[in-house]
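Biologist: I have a structure to go through with you. Can you put it up, and I'll ask as we go?

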Amino acid sequence: MASAFTDGRIDVEALVRSVASDEHGAICTFVGTARRRSEGKEVRRLRYEAYLPMAEAAVAEIVAAARARWPQAEIAARHRLGDCPLGEASVAVVAAAPHRDEAFAACRFVIDTVKAQAPIWKQEVFTDGTAWVGDPASFRSGGAGAAGGAGAAGGRGP
Amino acid sequence: MLLFAGLRERAGRDELVLDGLPAGATVEQAIAQARGIVPGLDSVAFAVARNRRLLPAANGRREALAEGDELALLPPVSGG
């Protein structure tokens with residue numbers, strides 16, 4: 001099974017092709033993109049980090065749970081790691097099913113559950129500093145233009 | 001012990017080696033040792049994963065560690 005994570009751009013069309021078949025009459029695609037405004041502040045870009053082995057397992061389990069619930073659905077998900085420029089996709093979920101109700105439901109279940117549960121973290125790079133979403137005490141001033149930051153903290157051994 | 005996101009930044013590194021924990025030490029004892037190393041560890045609520053499984057919030061930190069366990073401290077997740 002392909003990794004659910006990529007350091008580069010997410011190829012949404014390829015993801016759609018990976019679930020398409022003539023058994024299905026509906027494909028629902030969700031694409032999350034990097035937004036310029038966050039609670040009134042200007043964002044320069046986003047940066048993502050994951051606990052890679054655990055996050056891979058989490059996404060696989062979530063997709064498996066969706067397939068158990070909507071057995072006729074075919075589902076794929078990708079999440080970007082490292083820097084994500086404004087406007088580009090940070091995450092994509094595609095769900096194909098015979099009819100649109102299952103496609104919408106499976107797609108929504110997967111994106112909602114990935115966001116709530118998978119060990120993935122988003123850092124907002126502002127003009128005046130950086131902060132991890134959900135961890136306001138992590139704000140550090142400066143560094144907007146600095147490379148500093150780990151980008152993808154992937155593939156770490158035991 | 002692996003650290004991520006804001007905890008990794010607070011520590012200035014992504015992994016802590018915890019020495020001298022007694023045999024049968026608990027997860028909480030490992031966290032207590034990390035507290036002495038990482039400034040501001042408790043300025044964010046974090047979950048704990050042991051061998052890549054989330055520990056139950058209620059009593060998971062009372063579990064005894066085994067040699068070679070992989071512990072990870074996970075700040076609030078924010079994927080998507």
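Biologist: What percentage of the 158 residues in chain A is buried?

Modeller: Keep in mind that this is a predicted model. In chain A, buried residues make up 39% of the 158.

Biologist: And how many helices and strands are there in chain A?

Modeller: Chain A has three helices and 10 strands. Along the sequence they come as β-α-β-β-β-α-β-β-β-α-β-β-β.

Biologist: Of the contacts between residues at least 6 apart, what share joins residues at least 24 apart?

Modeller: In chain A that share is 72%.

Biologist: On to the sheet. What is the order of the four strands?

Modeller: The order in chain A is β1-β5-β7-β2, in an open sheet with mixed pairing. β1 (5–6) and β2 (26–33) of chain A are the edge strands, each pairing on one side only.

Biologist: Is β1(A) parallel or antiparallel to β5(A)?

Modeller: Parallel, over two bridges, with β5(A) covering residues 74–80. Within that pair, A:Phe5 stands opposite A:His79 of β5(A). As a general point, strands of a sheet pair through backbone hydrogen bonds, in either a parallel or an antiparallel way.

Biologist: Which strands does α1(A) lie across?

Modeller: Helix α1(A), residues 12–19, lies across β2, β5 and β7 of chain A. Its angle to β7(A), residues 89–97, is about 20°.

Biologist: What about α2(A), which strands does that one lie across?

Modeller: Helix α2(A), residues 52–69, lies across β1 and β5 of chain A, and runs at about 155° to β5(A).

Biologist: That leaves α3(A). Which of its residues are buried?

Modeller: They are A:Glu102, A:Ala103, A:Ala106, A:Cys107, A:Phe109, A:Val110, A:Ile111 and A:Val114. What covers them includes β2, α2, β5 and β7 of chain A.

Biologist: How far apart are the end C-alpha atoms of α3(A)?

Modeller: They are 25 Å apart. That agrees with expectation, because 18 residues at 1.5 Å a residue should span 26 Å.

Methods:
Residues numbered from 1 in each chain as written. Chains lettered and ligands numbered in written order. Predicted model: local features only at pLDDT ≥ 70, side-chain atom pairs only at ≥ 80, totals over all residues. Pairing = 2+ DSSP bridges. Contact = placed C-beta atoms within 7 Å. Axes fitted to C-alpha atoms, helices over the stretch in contact; angles between N-to-C directions. Buried ≥ 20, exposed ≤ 12 C-beta atoms within 10 Å, placed from the backbone. Expected span 1.5 Å × (residues − 1).
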